Amino acid sequence: MPSKPESKLWAQMRQGTKPLDVLWTRIESWASPGVPDLFGVYKGESFWVELKLHKLKSVKYIDLSPQQILWQTRHSQAGANVWNLVGHPASRTVKLYRGARAIELGRDATRTEDLVPCYECDAPYDWSTVMDTIALDRV
């Protein structure tokens with residue numbers, strides 16, 4: 001089975017968060033379409049993370065499926081902590097977007113401006129701040 005493009009991002013995240021004692025569960029999304037790639041617990045807070053790679057020069061949308069948009073929207077409305085971690089190889093950055101914004105983040109042919117992330121950092125990635133943002137910055 002060929003590896004997903006997000007596999008390298010997952011490997012970087014797993015390695016970078018190892019010293020932080022994050023408890024990760026990798027989800028096989030074929031079993032339930034729309035469910036994010038990762039479930040994690042950090043500093044007593046649980047959360048969901050969808051991993052995406054964006055290969056275009058700018059980030060005007062995130063390629064979320066209708067099932068992913070529905071799952072993220074419904075679970076965020078119910079109080080779940082849901083995030084999208086987007087690797088952007090062209091700029092060597094990772095960007096975080098809340099799942100509560102899933103409808104806005106999806107493909108929109110009329111959008112002319114780049115999406116504004118909740119947090120972004122350049123390589124080498126500051127995984128401690130990424131995790132604090134995911135686990136503790138809930139709005």
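Ring pairs join Trp10, Trp24 and Phe47 into a cluster, where rings of Phe, Tyr and Trp (its six-membered ring) pair if their centres lie within 6.5 Å. The structure is a predicted model, in which local features need pLDDT of at least 70 and side-chain atom pairs count only at pLDDT 80 or more, while totals for chains, interfaces and linings use all residues. Residues are numbered from 1 along each chain as its sequence is written, and side-chain values use heavy atoms, with hydrogens and water left out.

By the ring rule, the count comes to 5 aromatic pairs. Tryptophan 48 and tryptophan 71 form an edge-to-face pair, with 5.0 Å centre to centre and 70° between the planes; planes under 30 degrees apart count as stacked, over 60 as edge-to-face and the rest as tilted. This pair links distant parts of the chain, since tryptophan 48 is in strand E3 (residues 45-53) and tryptophan 71 is in helix H2, 23 residues apart. Helices (H or I, at least four residues) and strands (E, at least two) are DSSP runs, numbered from the N terminus. Tryptophan 71 has 11% relative accessibility and therefore counts as buried (under 20% relative accessible area, with exposed over 50% and partly exposed in between; 1.4 Å probe, protein chains only). Arginine 74, found in helix H2 (residues 66-77), counts as exposed because its relative accessibility is 56%.

The strands E1-E2-E3-E4-E5-E6, in that order, form an open sheet of 6 strands with mixed pairing; two strands pair if DSSP finds at least two bridges between them. Strand E1 (23-26) and strand E6 (119-122) are the edge strands, each pairing on one side only. On average, neighbouring strands of this sheet are turned by 25° against each other, direction ignored. Strand E5 (residues 93-98) pairs with E6 in the antiparallel sense over 4 bridges, and leucine 96 stands opposite tyrosine 119 in E6.

Helix H1 (residues 6-17) lies across E1, strand E2 (38-42), E3, strand E4 (82-88) and E5, and runs at about 140° to E3. Contact means heavy atoms within 4.5 Å. Axes are lines fitted to C-alpha atoms, for helices over the stretch in contact, and angles run from 0 to 180 degrees between N-to-C directions. Helix H4 (residues 127-136) lies across E1, E2, E3, E4, E5 and E6, at about 120° to E3.

Proline 124 is found in the loop between E6 and H4, and the peptide bond from alanine 123 to proline 124 is cis, with omega near -5°. Lysine 43, in the loop between E2 and E3, has a positive phi of about 50° although it is not a glycine.
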